[in-house]
Amino acid sequence: MPQIFTASADTRLRTGVLLVVLVFAVCILFLGGFMDSTYATRVGWVRDQPVPFSHEHHVGALGIDCRYCHTSVEVSAQAGLPPTHVCMTCHSELWTGAPMLAPVRESLASGKPIAWRRVARLPDYVYFNHSIHISRGVPCVACHGRVDHMPLLARAEPFQMRWCLDCHRNPAPRLRPRDQVTRMDWSDWDRHPERHKDFGRRMMARYHIEPAKLIDCSTCHR
Amino acid sequence: MAEPGPGEGLFGMLAEFDQPDRLLDAVDRAHGAGFRQIEAYSPFPIDGLAERLGFKDRRVPLFTLAGGILGAAVGYGMQVYTNYAFPIDIGNRPLVANPAFMLITFELTVLFAVLFAIGSMLALNHLPRLHHPLFDLDDFHLASSNKFFLLVFGNDPLFDEGQTRSFLESLAPVRVSTVEHTEIPE
Amino acid sequence: MTDVAPTPHGYAAVTDQIVDIAIDYPDRRAWWICFGVALLLLLSFFVSVTVLFSYGVGVWGNNIPVAWGLAISNYIWFLGIGHAGTLISAMLLLLEQHWRNSLNRFAEAMTLFAVICAGLYPIVHLGRPWLFYWIAPYPNTMTVWPQFRSPLTWDFFAVLTYLTVSILFWYIGIVPDVASARDRAKKRRAQVFFGLAALGWRGAAHHWARWRQAYRVTAAIAVPLVVSVHSEVSLLFAAGPIPGWTSTVFPPYFVLGAAFSGFAVVSMIAIVLRHALGLQNLVTPRHLDLLAKLLLATGLMTAYGYWSEVFDTLYAGEHQEMGTLLDRLGGVYAWSYWGAVVANFIPLQLLWFRRVRTQPLLLFLISLSVTIGMWFERYMLLVTTLYRDYLVSSWREYHPSFWDWSLFAGMLGVFLTLFLLFVRFLPIISSFEVKEALFEEKGNKKEQAHG
Amino acid sequence: MDRDLRAPPNVDRRSLLRAMAASLALASAAGKQARADERALPYVNAPEFVVPGKPKWYATAVGFAGYAHPVLGKTYVGRPVKLEGNADHPATGGATDVFMQAALLGLYDPARSQAPRLLGRTATWAAFDAAVTKRRLMLDERQGDGFRLLTGAVTSPTLLRQISDLLRRWPKARWHVHETLGDTHRMQAAQQVFGRPLEPHLHLDKANVVVSLDDDFLGPGPHQAVQGRRWSQRRLARQQEQGDSNLFIAEPSLTATGSMADHRLTAAPVRIGLLAAAIARALGVGPSNNDALSASETAWIGRAVEAINANRGSALVTAGRSQSAEIHAVTFLINERLSAFGNTLGFTDPVVSAPGSGSSVGDLIEDMTAGHVSTLVMLAVNPAYATPTKLGFRQALEKVEFALHAGLHADETAGLCHWHVPLQHDLESWTDGRSVDGTVCLTQPLIRPFYNVRSLHALLDSWSAGTRSDHDLVRASWRDAWGKDFEDKWRDTLVRGFVTDSAPAAVTPSVANHDISIKVSAATGLTVDIRPDPSIWDGRFANNAWLQETPKPISKATWGNVLLISPRLAARRKISPGDELRLEVNGRRIVGAAWIAPGQDDETVTLTLGYGADRAGPLPHGLGYNAFALCSDPDSWTITGATLAPTGNHDVVASTQLNQEMDGFDFVRSVDAPDAAVKKHPETASFYPERHWDSPSWGMSIDLDLCTGCNACVVACMAENNVPVVGKELIEQGREMHWLRIDHYFEGEADELESSFQPVPCMHCEQAPCEMGCPVNAAVHSHDGLNLQVYNRCVGTRTCASYCPYKVRRFNWFEYTGNDPEQLRAMRNPDVTVRSRGVMEKCTYCVQRISAARIASQIAGRPIRDGDVVTACQQACPTQAIVFGDVTDPKSAVSRRKASRRDYNLLEEANTRPRTTYLARIRPGERPS
């Protein structure tokens with residue numbers, strides 16, 4: 001009786017099995033990697049906006065405080081986007097004819113809001129409250145990154161549940177004095193970490209922050 | 001026991017028997033004659049046949065035990081680790097709820113033990129092996145039906161084409177055939 | 001036990017009879033008719049699942065309080081049936097009961113397919129089935145893990161393990177026979193198919209020795225696995241605080257019931273196969289007799305479970321539990337209770353008679369009755385408990401909808417399709433083990449003769 | 001609650017950016033990422049005081065049956081999302097009812113009429129204005145001859161001013177009022193007894209003894225919230241052992257009041273008059289009367305009279321809407337004898353202004369039939385449906401040259417009129433009105449109208465050639481009244497929501513006529529007893545899905561009305577629930593489904609109004625029967641001589657509770673004295689370690705002695721938590737979504753019948769079986785004692801629901817929310833996730849409110865105080881039956897309640913350690929040991 005398989009069949013079979021295993025492993029690794037990749041998390045991806053607003057220029061160069069435009073960040077869940085007339089407080093004087101600002105002027109004239117594309121957004125079942133984070137001294141940069149280095153705004157952090165939990169499980173290292181939350185650079189804190197090493201721990205005690213309670217599901221999901 | 005590689009002369013010499021008892025006798029006599037690189041083939045497992053060929057391997061049960069221990073550790077460890085990694089109050093039950101955790105621990109013990117048992121069996125038997133020199137022989141397909149075979153490998157120290165053939169023929173087989181190496185795989 | 005020995009003496013004859021069915025199926029017309037029916041049912045499965053996934057679980061009859069319905073009771077029913085194969089195969093192997101050799105292969109296949117059907121049910125019954133993998137532990141960006149105190153999580157691991165172990169046990173058991181088929185196949189396609197599936201098995205003594213080690217150790221582990229799996233399924237009910245469920249008798253009660261229903265289905269399949277494929281010489285009246293005795297024994301133990309459930313309730317006298325018990329006996333769903341009692345235990349009593357045990361048609365009918373009776377039991381345990389639980393205000397009846405039934409028919413289609421493919425293309429009886437039994441019996445005879 | 005009330009200087013500030021409502025801040029379904037390219041739309045000009053993401057509260061009012069119900073409207077960026085009671089209001093004190101809670105959906109109702117129609121075709125306002133102008137010029141020439149105005153009950157000073165202006169301009173014009181289910185007989189009785197129109201006010205808070213002659217004063221109606229609140233104040237005092245709260249009622253059909261009664265007598269409607277006369281006689285008023293009373297009636301009267309005599313000065317006898325003016329008159333005489341005037345029964349000048357005699361809808365129909373009416377303007381009424389069919393309004397309408405209907409819906413009347421124009425909802429209008437105690441409430445819009453609609457005031461103004469807006473008209477009314485302080489007072493009133501001390505002064509009338517006799521007629525055949533529907537009243541709320549889905553308090557039926565018959569009648573006629581019956585009186589008939597009601601008089605069939613309308617809209621289409629078809633007099637709700645026959649068909653009644661017999665269980669427990677201890681099961685041991693709970697840890701206490709089953713909490717919960725409506729078919733299948741249900745139980749029979757309500761929200765068990773069952777950690781416990789359901793984690797195994805002993809979990813069997821129209825999306829509470837298909841949901845103890853309070857207190861740097869968190873159900877409850885708070889603080893209100901000896905756990909044998917517990921009912925001396 002002749003052989004059913006050639007002598008090479010075994011090699012092929014083993015290669016095949018190995019390939020299947022490899023492909024499977026690669027798929028899993030890829031999926032895992034994809035979920036953490038910036039393609040899925042949109043970290044660092046710039047979105048086209050109706051007006052190419054530069055945080056680098058306004059925050060970094062001009063030094064405008066976050067709260068000048070995002071007025072409700074200290075009192076409300078939402079930080080708030082500036083109404084058109086806030087833009088026009090300056091731009092009725094400066095760059096009045098700039099073509100780049102045409103949509104802003106048009107919005108003011110027509111009464112139609114400027115349709116910004118959201119950069120930092122969470123799923124609808126996640127309830128994030130800006131005011132409590134600000135009042136506990138969580139700085140803007142902790143989530144939004146160095147917007148003063150972003151000519152066009154991009155997401156700075158992955159906004160995954162794990163990322164949220166990282167901080168909720170151990171908030172101390174992120175905490176800053178209340179009056180410093182909108183500061184972008186932490187030169188002193190970065191240069192002399194030993195001076196501030198107890199700050200977070202003390203604030204946790206002062207504010208009665210208990211990480212075990214911060215990770216209750218109802219903290220964010222309702 | 002390693003099969004002879006290609007280029008080492010013949011693959012072996014094969015004797016065919018039509019009764020299992022004959023094969024058992026033949027194995028005893030071949031072993032008694034000093035052959036050590038020998039293998040028997042039968043359509044069903046025959047008690048003691050492998051032992052007569054000098055089989056003493058207990059690795060499959062050991063691997064199974066290892067698998068079981070590993071499974072238990074993985075199962076229990078996983079449950080304890082995950083509950084500490086994200087501690088959540090579930091109906092006021094303890095974080096490490098041992099009675100509840102035993103079930104999955106047991107299941108994974110079984111799963112790993114069986115996977116190791118069967119995996120090690122296949123690996124130690126060098127299976128799958130789709131192409132084999134024996135498959136070239138005309139009558140060998142009866143090894144899965146009603147015929148019994150004894151093979152002396154070409155790499156046995158006592159192997160000599162003529163002498164081995166006459167030795168095998170002395171065992172009253174149906175026939176004796178030489179087994180050639182086949183083509184070299186890619 | 002002389003008459004368990006198959007009549008066609010000679011190893012070749014055994015091989016030919018069994019393996020030829022896989023290589024060149026005898027009655028193709030009958031097979032195609034059955035397969036056509038199975039495919040129609042399978043179509044019903046796909047249609048039902050499509051409708052279910054498009055609209056939601058609402059297409060079924062479930063409600064609050066009966067949040068689980070036919071899907072879960074059928075899950076338990078299928079999984080129960082899926083217990084017999086492994087029990088027959090593994091337990092009798094360990095007990096060295098050679099008569100199992102004529103039954104174990106198709107019983108294991110039946111197990112496998114029943115477990116597949118059972119395993120599909122909990123997935124399709126989810127509100128959001130596309131997220132079923134959340135029950136599995138895997139590292140994720142939420143850092144959330146499964147909840148390991150839940151009987152559902154236990155079930156997930158139990159069914160997964162049971163399915164894997166059953167497949168492996170069945171597969172390494174079939175490899176030597178597939179090798180026979182490979183060696184006898186004439187057509188190239190069949191040779192390649194069997195050749196690949198046989199993994200190059202050539203019957204070497206060393207291989208057999210390790211094979212036996214692995215096979216026996218798997219069998220030894222599989223027996224407690226079977227017990228654990230249905231115990232865990234019973235905890236799906238018993239872990240809840242609902243009167244009618246929260247009872248310590250459930251695990252043994254469920255395991256015995258599972259074996260009972262499984263043996264009934266094995267008997268049915270054995271009778272049909274031996275008749276359809278002329279296997280009377282391999283599956284002898286003696287086999288039927290033994291199966292029937294097993295059926296009778298597990299049936300009586302299941303009946304004891306019924307009795308002890310009633311007794312416990314009466315003995316404890318707890319108000320709510322009593323209410324559930326009385327409702328089972330005389331309420332809206334009393335048909336399911338009495339249906340279970342009658343179908344399970346009344347025809348069963350005929351099996352006290354040897355003539356009935358060896359009479360295929362009667363045994364088939366009794367087994368069918370048990371299969372249906374056990375379905376009633378699963379349905380009764382689920383529905384009568386949920387539809388009247390603690391608060392009178394939430395009592396509400398449950399009626400399965402068309403799509404409940406169509407999915408049930410579809411699941412039967414999944415089972416039948418897989419089983420028919422198995423019958424058509426794989427050796428349905430373990431030929432090498434029959435041959436082994438033949439050989440050992442000869443040895444025994446010889447010893448007796450010499451002694 | 002963060003009461004941040006601000007007066008709006010002008011309306012524009014709160015204008016709704018519809019684009020915003022539609023695309024920003026809308027919660028979409030759980031587990032779904034919203035559209036990837038979602039746009040964020042900021043304001044162009046930011047309105048003052050509006051902070052995105054923070055709710056604003058405005059005081060306003062919603063009208064019902066002419067009365068204004070003061071509310072606080074919660075708005076998010078210009079979208080009202082929830083109405084609460086105005087706790088500062090002197091009469092309501094924040095009490096609410098279902099109609100007020102559901103007014104929010106009335107605003108967003110997609111079935112609302114959205115444009116004017118001429119002969120059924122969409123028309124423009126310009127065309128309408130032209131038609132009005134033409135008509136007006138014609139009427140000007142004739143001094144308004146042939147012009148008739150038909151309205152519902154009116155309390156609005158502005159509307160009254162407009163009407164009187166109009167009548168002054170057109171002296172020959174006439175104004176008719178038709179308020180279905182008004183208090184006509186009570187008013188007539190006041191006229192008879194006192195010789196002048198007076199409106200009586202029940203001061204139940206002062207009444208140690210109340211004898212109700214079929215007066216369902218705790219039942220549905222414009223007075224429900226106020227009377228419920230007053231009655232509960234009395235009950236609360238009895239719990240403190242300060243005085244009594246002894247309630248006697250004689251009624252043909254079990255009502256909410258009957259359920260709460262200490263002594264209930266089932267009495268046929270014809271017997272009520274006899275009972276009134278007998279009580280009067282026993283107290284020495286009124287004529288003697290020789291009708292024989294049954295033993296149970298005599299016993300009931302004996303006990304009632306005894307209780308009254310022991311509490312003279314703090315007793316009250318009251319009669320119901322369907323009783324004749326004479327019976328009401330007799331109750332006035334009795335109350336006078338009891339020195340109740342000024343104590344338990346107050347009088348004021350009528351709050352509802354009526355145009356005087358000859359102005360009923362019956363008079364109008366006569367005039368129409370006679371051809372005296374050329375122009376008929378109907379404002380927010382539906383006489384083509386809600387008048388007795390026998391009166392022939394529809395036929396009479398054909399003789400009217402120009403008929404105009406203005407209303408929220410294009411209803412039956414609209415379909416028969418030449419013109420139909422859509423009105424603004426109260427929540428998008430400026431108007432005013434009086435609450436039931438007479439206090440004037442200002443209604444300000446919470447949102448700019450989003451349909452092409454007009455205010456009732458502006459509409460009426462156009463008949464006087466005016467073009468003023470509702471805002472101007474209402475301001476004009478009050479500028480006249482307040483003079484130079486106007487602006488300050490206006491602003492102040494808008495903040496507060498009502499005009500302080502504007503209720504008419506109490507008067508203590510003297511009896512002018514002592515000579516009242518009660519005519520008692522014998523009943524032949526069955527008596528038909530017609531009542532308002534507890535959910536949709538007379539049909540005016542038929543398009544409100546929340547109300548349709550709200551179970552009727554006793555029958556628990558939804559989406560339709562049933563014929564209530566007694567168990568004995570049912571047994572005699574072999575009728576089972578759901579059997580279709582034909583009820584016939586004098587050749588008029590209706591066909592409806594039977595429902596067997598314990599506590600029902602054997603010879604009385606009770607019907608409810610509101611269903612069976614032929615043009616009611618998509619929601620109520622094909623539901624129920626029309627009880628108006630049996631009536632002959634718009635104010636008479638009892639009809640004798642009816643016959644009943646099964647048709648042989650069977651209907652499914654969509655009831656949410658099919659079994660109401662308590663069956664020997666002790667779900668609702670009672671004690672026989674306020675300080676008595678409730679019977680408890682022995683404490684069950686637990687395998688699990690006792691857990692220490694940090695403060696705050698939340699819990700709830702529900703007092704069954706106070707719950708009147710009014711459903712305000714149920715609807716409030718739906719509004720607060722975005723609970724979807726599922727419709728009749730799914731309710732029939734047992735798939736209602738209410739997070740909070742009110743179970744109703746019967747115990748005993750006939751006159752011994754005990755009826756109780758039991759609100760059942762999630763128990764938030766400390767040892768929750770549901771959590772243990774969930775394989776994916778979607779049902780978990782929080783550190784503040786909440787049993788959480790994480791929707792976005794839920795895969796829908798439904799194990800939790802199977803394991804829940806209380807069956808409070810609700811499952812999204814289908815996609816209930818994804819296809820909601822834009823209006824309903826705008827109505828959603830943005831603080832609560834909208835659940836998608838395949839997800840389990842349940843009561844959360846309003847976790848969004850807890851979070852808001854926690855964040856607010858943390859920012860303020862103080863601990864959460866008792867009362868910072870008020871759940872929606874608690875806030876809605878008119879009787880304070882629900883108290884919520886921190887159970888670890890022994891001083892909190894909830895802990896004090898839980899410390900009561902009446903406190904018990906539902907199903908303590910299940911050992912789930914529930915956080916929601918109940919206070920047993922007090923049934924003094926009733927229990928035989």
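This is a predicted model: local features need pLDDT of at least 70, side-chain atom pairs count only at pLDDT 80 or more; totals for chains, interfaces and linings use all residues.

Tutor: Residues are numbered from 1 along each chain as its sequence is written, chains are lettered from A and ligands numbered from 1 in the order in which they are written, and side-chain values use heavy atoms, with hydrogens and water left out.

Take chain D. Chain D holds 26 helices and 37 strands. Both are DSSP runs, numbered from the N terminus: helices are H or I with at least four residues, strands are E with at least two. The radius of gyration of chain D is 27 Å, close to the 30 Å that the globule rule gives for 929 residues, so chain D is as compact as a globular protein of that length. That radius is taken over C-alpha atoms, and the rule is 2.2 Å times the number of residues to the power 0.38. The C-alpha trace of chain D spans about 90 × 80 × 60 Å along its principal axes.

Next, burial and contacts. In chain D, 66% of the 929 residues count as buried. Buried means under 20% relative accessible area, exposed over 50%, partly exposed in between (1.4 Å probe, protein chains only). Take the contacts in chain D between residues at least 6 apart in sequence: 75% of them join residues at least 24 apart. A contact means heavy atoms within 4.5 Å.

Now the surface. Chain D exposes about 30,400 Å², and carbon and sulfur atoms supply 49% of that area. Areas come from the Shrake-Rupley method with a 1.4 Å probe; for residues, only the protein chains shown count as cover. Chain D carries 99 positive and 103 negative side chains, with the centres of the two sets 4 Å apart. Lys and Arg count as positive, Asp and Glu as negative; His and the chain ends are not counted. Each charge is placed at NZ of Lys, CZ of Arg, CG of Asp or CD of Glu.

Then the interior. A nonpolar core is a set of buried Ala, Val, Leu, Ile, Met, Phe, Trp, Tyr and Cys residues joined through side-chain atoms within 4.5 Å. The largest nonpolar core has 408 residues, and C:Phe237, C:Phe422 and D:Leu607 touch the most other members. Helix H8 (residues 205-238) of chain C gives the most to this core, with 17 residues. Apart from this core lies another, of 27 residues, including D:Trp175, D:Val177, D:Leu379 and D:Leu404. Back to D:Leu607. Leaving aside neighbours within four places in sequence, its contacts include D:Val528, D:Ile530, D:Leu583, D:Ile590, D:Tyr625 and D:Leu630.

Last, the backbone. The peptide bond from D:Ser695 to D:Pro696 is cis, with omega near -5°. D:Pro696 sits in the loop between strand S26 (670-671) and strand S27 (698-703). Two arginines have positive phi. For D:Arg798, phi is near 65°, a positive value in a residue other than glycine. D:Arg798 lies in the loop between strand S31 (787-789) and helix H22 (799-803). D:Arg798 is buried, at 2% relative accessible area. For D:Arg913, phi is near 50°, again positive in a residue other than glycine. D:Arg913 is in the loop between strand S35 (903-904) and strand S36 (916-919). D:Arg913 also counts as buried, at 17% relative accessibility.
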